[in-house]
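Subject: Structure handover

Hi,

My notes on what turned up follow below it.

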Amino acid sequence: MRKPTADFAPREPLAGALGRLGRGWLEGAQPCPSPNCDARPADTAVKLVVVHAISLPPDEFGGPGVEQLFTNALDPAAHPYYATIGHLRVSAHFYIRRDGSLKQFVPTDLRAWHTGVSNWRGHERCNDFSIGIELEGCDTQPFESVQYARLAALLRVLCAHYPIEAVTGHSDIAPGRKTDPGPCFDWRRVQLALGLPELACGPLSEPA
């Protein structure tokens, strides 16, 4: 179990403390169960966290589209873009909105369907051994300070519970196919807020 380095960096303020993981569900996160999950392969350790960014409709924030997508309730007629993705069966473990509120769709002990075709350090099918965190955002707008704070708090809980080796972006395990969390995402800010300098964090997630 890792212990955060208390004096590594000042922490950003965050309202609403997170609790412990019980049967894969996190205290302090709003449960929103998704059917899009299944069991991880036997004897597979959770060792990677993948950071994503999503907005539905694209580049718009605040609506229910993401929750609807992850629970198979998206109305294809509600927006022209939805007609192109309404058939998808996808999910993530967690979703951090622009106001810092946190939702959980899949227990962390189960496999969420968030990475697709992917490869990390020579290991394919990253869904098998990863936890997916979606941030409400896009490639063209900065993320909110409260999102970084919430992400760091969530990562500290996950790193204390699982043998996490790295935190990386969707674009780094699916290059050429995905761009998120995008150029506006500040990996250094995450590393500083997290306070675990030994944890590989950022593009390619290679050890220091």
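F185 touches V51, L135, F143, Y148, L151 and V190, leaving aside residues up to four places away in sequence. Keep in mind that this is a predicted model. F185 also belongs to the largest nonpolar core, which has 33 residues. At least two core residues come from each of β5, β6, β11, α3 and α5 (187-194). The largest share, eight residues, is from α3.

Helix α3

Helix α3 covers residues 145-161. It lies across β5 (48-54), β6, β7, β11 (130-136) and β12 (166-169). Against β11 it runs at about 170°.

How many of the 17 residues of α3 are buried? Twelve are, so the helix is largely enclosed by the rest of the structure. The buried residues are Q147, Y148, A149, R150, L151, A152, A153, L154, L155, V157, L158 and C159.

The length of α3 checks out. At 1.5 Å a residue, its 17 residues should span 24 Å. The end C-alpha atoms are 25 Å apart, which agrees.

The sheet

Seven strands make up an open sheet with mixed pairing. Their order is β3-β7-β6-β11-β5-β12-β13. Which strands stand at the edges? They are β3 (30-31) and β13 (200-201). Each has a single partner strand, so one side of each is left without a neighbour in the sheet.

Some pairings in detail:

- β6 (residues 94-96) and β7 (residues 102-104) run antiparallel and are joined by three bridges. Y95 has K103 in β7 as its bridge partner.
- β5 and β12 run parallel, with four bridges between them. L48 stands opposite A166 in β12.
- β12 and β13 are also parallel, joined by two bridges. V167 has C201 in β13 as its bridge partner.

On β12, the residues point two ways. A166 and T168 point one way, and V167 and G169 the other. All of them are buried.

Cysteines

How many disulfides does a search of the whole structure find? It finds zero. C126 counts as buried, at 0% relative accessibility. C32 is buried too, at a relative accessible area of 18%; the cut-off for buried is under 20%.

A loop proline

P80 lies in the loop between α1 (65-70) and α2 (82-85). Is P80 buried or exposed? At 68% relative accessibility, it counts as exposed; the cut-off there is over 50%. P80 and P57 are 23 residues apart in sequence. In space they are 8.9 Å apart, C-alpha to C-alpha.

Best regards

Notes: Residues numbered from 1 in each chain as written. Predicted model: local features only at pLDDT ≥ 70, side-chain atom pairs only at ≥ 80, totals over all residues. Heavy atoms only, no water. Pairing = 2+ DSSP bridges. Contact = heavy atoms within 4.5 Å. Axes fitted to C-alpha atoms, helices over the stretch in contact; angles between N-to-C directions. Disulfide = S-S within 2.5 Å. Buried < 20%, exposed > 50% of the residue type's maximum accessible area, 1.4 Å probe, protein only. Expected span 1.5 Å × (residues − 1). Core = buried A, V, L, I, M, F, W, Y, C linked by side-chain atoms within 4.5 Å.
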